[in-house]
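Student: Please take a close look at one part of this model, the aromatic side chains that group together. How do they pair, and how are they placed?

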Amino acid sequence: MSTNTRSTGVLVQPVEETRHEDELARGLRASDENAFAAIYRRWGPLVHTMATRSLGDTHEAEDVTQQVFLGAWRGRAGFHPERGPLGAWLVGITRRKIVDALAARTRRLALADSVAHGAGPSPPEEAAPESVLDRVLLVDELSRLPRQQRDVLCLAFYEDLTQSQIAERTGMPLGTVKSHARRGLHRLRGAIEQGRVRGPGA
């Protein structure tokens, strides 16, 4: 469907498209799963593109995209058409989920950096057992990463290099750097989430 353009160059949404969006919005409010599937098909690519550009990782972007639409479905009662179009509402959710993903990434990197350096004060006596266990598991898992994964993460943690800078520094293709970083972080996260206990000889 084509989009009209005013002489000013501003894109104007056709009346038919606006009506279709209104129908989807009503379907969402009515918990119509078919309407929600149509919403996902229409705005899913936009959400994924926004997440990819902000996070620089397609796998994280896929996670964020799923979280956005899961959040939209769960929070559908909070959508009010009179406050703005459906697309703008979804974009707002996307931005919040991207911020959450970046914050979670920062926390993971900070924890790994702190543990790897042995920096910072010892955990207070009243620290939650889960926090202590996380640190032990993370130290253990860092030591078990394949060398290239560990090297990539160390450059990111210690020298605060971007993935592009790591590729230039190491001579690895950017895709390889992203793959090592993703697999390394996934393994570190899995160690904490699964609570794996290893022997003292690690």
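Tutor: Buried means under 20% relative accessible area, exposed means over 50%, and partly exposed is in between, with a 1.4 Å probe and protein chains only. By that scale Phe69 is buried, with a relative accessible area of 3%. This is a predicted model, in which local features need pLDDT of at least 70 and side-chain atom pairs count only at pLDDT 80 or more, while totals for chains, interfaces and linings use all residues. Residues are numbered from 1 along each chain as its sequence is written, and side-chain values use heavy atoms, with hydrogens and water left out.

Rings of Phe, Tyr and Trp (its six-membered ring) pair if their centres lie within 6.5 Å; planes under 30 degrees apart count as stacked, over 60 as edge-to-face and the rest as tilted. The count comes to four aromatic pairs. Helices here are DSSP runs (H or I, at least four residues), numbered from the N terminus. Phe36, like Phe69, is buried.

Tyr40 also pairs edge-to-face with Phe69, at 4.8 Å centre to centre and 70° between the planes. Tyr40 lies in helix 2 and Phe69 in helix 3, so the parts tied together are 29 residues apart in sequence. Tyr40 is partly exposed, with a relative accessible area of 41%.

Phe36, Tyr40, Phe69 and Trp73 form one aromatic cluster. Arg76 lies over the face of Trp73, 4.0 Å from the ring centre; the rule asks for CZ of Arg, or NZ of Lys, within 6 Å of the ring centre and within 35 degrees of the ring normal.

Methods:
Helices (H or I, at least four residues) and strands (E, at least two) are DSSP runs, numbered from the N terminus.
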